[in-house]
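Dear colleague,

Please find below the structure for your review. My notes on what was found in it follow directly after.

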Amino acid sequence: MTTAMGAWTAALTMCAGVAAWLLTRRDHASRRLRKLLPPHAAQPPATPRRQRLVETARGRLRPEWWCVAAGAVVALLGESVVPLALGVAGVPLAAGVRRARAARRERERREVAVIALLGEVGAEVRAGRQPGDALRLTLHDPVDAGVGTGAARSAVLAATRFGGDVPGALRSAAREPGAEGLLGLAACWRVAVDRGAGLAAGLERLEAALRSERDQRADLRAQLAGARSTAVMLAALPLLGLLMGSALGAQPLRVLLHTGPGLACLAVGGVLEGVGVWWALRIVRGAEER
């Protein structure tokens with residue numbers, strides 16, 4: 001028992017050391033940057049040390065590392081290394097979920113930017129500007145106008161400035177997630193150049209279609225939010241059962257972590273829980289995509 005507690009103390013000390021290193025690393029970098037800056041350079045307003053430490057911790061410690069913290073707490077309560085191992089194994093899964101959520105937000109932001117780009121280009125064309133000048137003026141906005149990364153944006157700007165293949169540059173920029181609406185802009189551009197059709201009218205109809213599609217998708221996501229919340233709530237019911245058992249004095253953690261049948265139930269229940277959550281969220285995600 002003493003050896004196990006010593007191992008736990010050493011592990012917690014190591015985690016605390018890593019956290020302290022992460023918190024102080026950015027402070028060392030900022031001090032080196034201040035040494036490189038000239039004395040007359042503008043200095044940011046001073047912030048309290050505690051607030052700076054909190055901001056540094058938020059920037060360094062990703063949300064998925066809470067899985068390790070939760071696993072360590074349960075491991076200390078249950079006096080077993082199994083919860084800590086499960087917490088470490090859950091870090092890549094939580095990181096994947098976080099990256100997928102960030103990618104979805106970036107896709108939605110780019111969709112909104114493309115719709116705004118169509119509206120601004122159409123307004124400039126209706127005001128009397130040439131299509132190339134209108135697109136170039138819109139892309140020179142300091143806010144990202146939905147043309148993706150810097151390389152794609154530079155290609156479109158170069159095509160409009162030097163008379164290049166603007167539809168081809170727009171199709172290349174439309175390969176990024178969320179920028180598919182630029183394919184419609186490329187088609188309208190080619191029709192307007194080849195046949196002399198009105199570009200402003202085509203952009204107006206394209207903007208209305210993309211905005212309607214975005215609104216329908218948002219409405220569907222709102223309708224499916226209840227199903228997603230129900231699936232997550234049902235997945236959390238076993239944790240509620242463990243808490244109730246602990247409150248009644250049944251010691252469910254000791255049964256699950258220190259007995260053969262308990263470990264078997266934990267393994268089977270964890271697999272079934274994961275498969276159930278994945279299947280329910282897959283159904284919801286499939287409905288959103290359709």
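E124 counts as partly exposed, since its relative accessibility is 23%. This comes from a predicted model, and the notes that follow should be read accordingly. E124 is placed in helix α4. Apart from neighbours within four places in sequence, E124 is in contact with R129, A134, L137 and T138. Of these, A134 is 10 residues away along the chain, and its C-alpha atom is separated from that of E124 by 5.4 Å.

**Overall make-up**

The protein has 12 helices and zero strands. Its 290 residues include 28% that count as buried. Among contacts between residues at least 6 apart in sequence, 58% join residues at least 24 apart.

The largest nonpolar core has 30 residues, and L135 and L182 have the most contacts inside it. At least two residues of this core come from each of α4 (82-126), α5 (131-139), α6 (150-162), α7, α8 (181-195) and α9 (199-235).

Helix α7 (residues 166-173) deserves a separate word. Six of its eight residues are buried, so α7 is largely enclosed by the rest of the structure. The buried residues are V166, P167, G168, A169, L170 and A173. At the start of α7, a side-chain oxygen of D165 comes to within 3.2 Å of the backbone nitrogen of G168.

**The pairing of α9 and α12**

Two packed helices are described by the angle between their axes and the distance between the axes. For α9 and helix α12 (residues 260-289), the angle is about 175° and the axes are 10 Å apart. Because angles over 145 degrees count as roughly antiparallel, α9 is roughly antiparallel to α12. On the α9 side, the residues that take part are L220, R221, L224, A227, R228, A231, L234 and A235. They meet E273, V277, A280, L281, V284, A287 and E288 in α12. The residues of this contact divide into 11 nonpolar, no polar and four charged.

An α-helix has 3.6 residues a turn, so residues three or four places apart point the same way. That spacing may be kept in mind when reading the two lists above.

Which residues of the loop between α3 (66-78) and α4 should be noted? Both S80 and E79 lie there. S80 is buried, with a relative accessible area of 8%, whereas E79 is partly exposed, with a relative accessible area of 36%. A polar atom of the S80 side chain lies 3.3 Å from the backbone nitrogen of V82.

Most residues other than glycine have a negative phi. E79, although not a glycine, has a positive phi of about 55°. Q251 is also not a glycine and has a positive phi of about 55°. The place of Q251 is in the loop between α10 (237-247) and α11 (252-258).

I would be grateful if you would look at these places in the structure shown above.

With kind regards

How values were computed:
Residues are numbered from 1 along each chain as its sequence is written. This is a predicted model: local features need pLDDT of at least 70, side-chain atom pairs count only at pLDDT 80 or more; totals for chains, interfaces and linings use all residues. Side-chain values use heavy atoms; hydrogens and water are left out. Buried means under 20% relative accessible area, exposed over 50%, partly exposed in between (1.4 Å probe, protein chains only). Helices (H or I, at least four residues) and strands (E, at least two) are DSSP runs, numbered from the N terminus. A polar contact is a pair of N or O atoms within 3.5 Å; within protein, one must be able to donate a hydrogen and the other to accept it, and residues adjacent in sequence count only if both atoms are side-chain atoms. A nonpolar core is a set of buried Ala, Val, Leu, Ile, Met, Phe, Trp, Tyr and Cys residues joined through side-chain atoms within 4.5 Å. Axes are lines fitted to C-alpha atoms, for helices over the stretch in contact, and angles run from 0 to 180 degrees between N-to-C directions. Angles under 35 degrees count as roughly parallel, over 145 as roughly antiparallel, 65 to 115 as roughly perpendicular and the rest as oblique. Contact means heavy atoms within 4.5 Å. Ala, Val, Leu, Ile, Met, Phe, Trp, Tyr, Cys and Pro count as nonpolar, Asp, Glu, Lys and Arg as charged, and the others, Gly among them, as polar.
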